[in-house]
Amino acid sequence: MQIGMIGLGKMGGNMAERLRRGGHDVVGYDRDPAASDVSSLKELVDRLQEPRAVWVMVPAGAPTQATVEELGTLLSPGDVVVDGGNSHYLDDQKHAADLGAKGIGFVDCGVSGGVWGLENGYALMVGGGDADIERLRPVFDTLRPAEGGFVHAGAVGAGHFAKMVHNGIEYGMMQAFAEGWELLEASDVVTDVPGAFSSWRHGTVIRSWLLDLMVRALDQDPELADLRGYAEDSGEGRWTVQAAVDHAVPLPVITAALYARFASRQEDPPAMKVIAALRNQFGGHAVTSKEGETGRGADAPGADVTPPVEADR
């Protein structure tokens, strides 16, 4: 079928290429003129035959909002828009209502597969009406892996909600691998840490694609010496935790993994200054300055404080 693809970055560009390899007619638009088939959204819409299908792959939030709003002024009743970015499910419902008032369909699609999706296919979690989903089925069938990898999760918003939870689970799994690696590295018992991870790829209950990628990273840099211990979050981990609060569902593992990413960005964690100060006050534990100098504890000789009573130690 014919489809317009808006946003031809690492994901959108590869998805457009996979669709072309599958025999589809893809008209692409990107802010980078060198990557585009057309010079504007209007030209993209004009190039498509009615009823049109347009897939949006731009960053969530304001960029997606602006793109959907502009498409609402260019498309016609009977056309359909797919948001394949990492949008919030509540935004999907608003977009569907706004476009629906003009007779334009809307489908939200959570996409997973990263830079490997071009060759391996993408896992697709979609939300929307049955008619819109079935109309887009040829595109979904080309993008997904040869087996599985597709779910019509429910009404509008369900696709991105499912992808949001998927990413939350991913946070927890990645954090578990990270903590396991740190403990192995800290011990003097295991001398082949990369080998231990590699051995887990076969016959164990934690074998997974993430584990395969972990082993690949260790093959490239066994001690991960070329990397900083700094991790951003895409925003979906936050949304997962917020949704858990809204539904009164406990998510201790995913929440802890999200907070660990926050902590990774702090060179000198402010909260730990309070911990150090309190340990010094009640227990006389040494305090280390930013310059690395160790100060006297609260009950060290000459310390100008009153030592805490025994009950407070």
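Q: Which residues of H3 are buried?
A: Buried means under 20% relative accessible area, exposed over 50%, and partly exposed in between, with a 1.4 Å probe and protein chains only. In H3, the buried residues are Thr 64, Gln 65, Thr 67, Val 68, Leu 71 and Gly 72. Seen down the axis of H3, they fall within an arc of 165°, so they line one face of the helix. The arc is taken from the directions from the helix axis to the C-beta atoms. This is a predicted model, in which local features need pLDDT of at least 70 and side-chain atom pairs pLDDT 80 or more, while totals for chains, interfaces and linings use all residues. Residues are numbered from 1 along each chain as its sequence is written, and side-chain values use heavy atoms, without hydrogens and water.

Q: Why do residues three or four places apart point the same way in an α-helix?
A: An α-helix has 3.6 residues a turn, so such residues point the same way. The face of H3 turned away from its buried side carries the exposed residues Ala 62 and Thr 73.

Q: What covers the buried residues of H3?
A: Helices (H or I, at least four residues) and strands (E, at least two) are DSSP runs, numbered from the N terminus. The cover of H3 includes strands S1 (2-6), S3 (53-56) and S4 (80-83), along with helices H2 (41-47) and H4 (89-100).

Q: Which residues touch the most other members of the largest nonpolar core?
A: In soluble globular proteins, nonpolar side chains tend to be buried together. A nonpolar core is a set of buried Ala, Val, Leu, Ile, Met, Phe, Trp, Tyr and Cys residues joined through side-chain atoms within 4.5 Å. The largest one here has 24 residues, and those touching the most other members are Met 5, Met 15, Trp 55, Val 107, Cys 109, Phe 140 and Leu 143. A second, separate core of 19 residues includes Val 38, Val 45, Val 54 and Val 68.

Q: How many salt bridges does a search of the whole structure find?
A: A salt bridge is a side-chain nitrogen of Lys or Arg within 4 Å of a carboxyl oxygen of Asp or Glu. The search finds 11. One of them joins Glu 236 and Lys 163, with the closest N and O atoms 3.5 Å apart. Glu 236 lies in helix H11 (residues 236-246) and Lys 163 in helix H8 (residues 158-186), so the pair ties together parts that are 73 residues apart in sequence.

Q: Are Glu 236 and Lys 163 buried or exposed?
A: Glu 236 is buried at 1% relative accessible area, and Lys 163 is buried at 4%.

Terms used:
Contact means heavy atoms within 4.5 Å.
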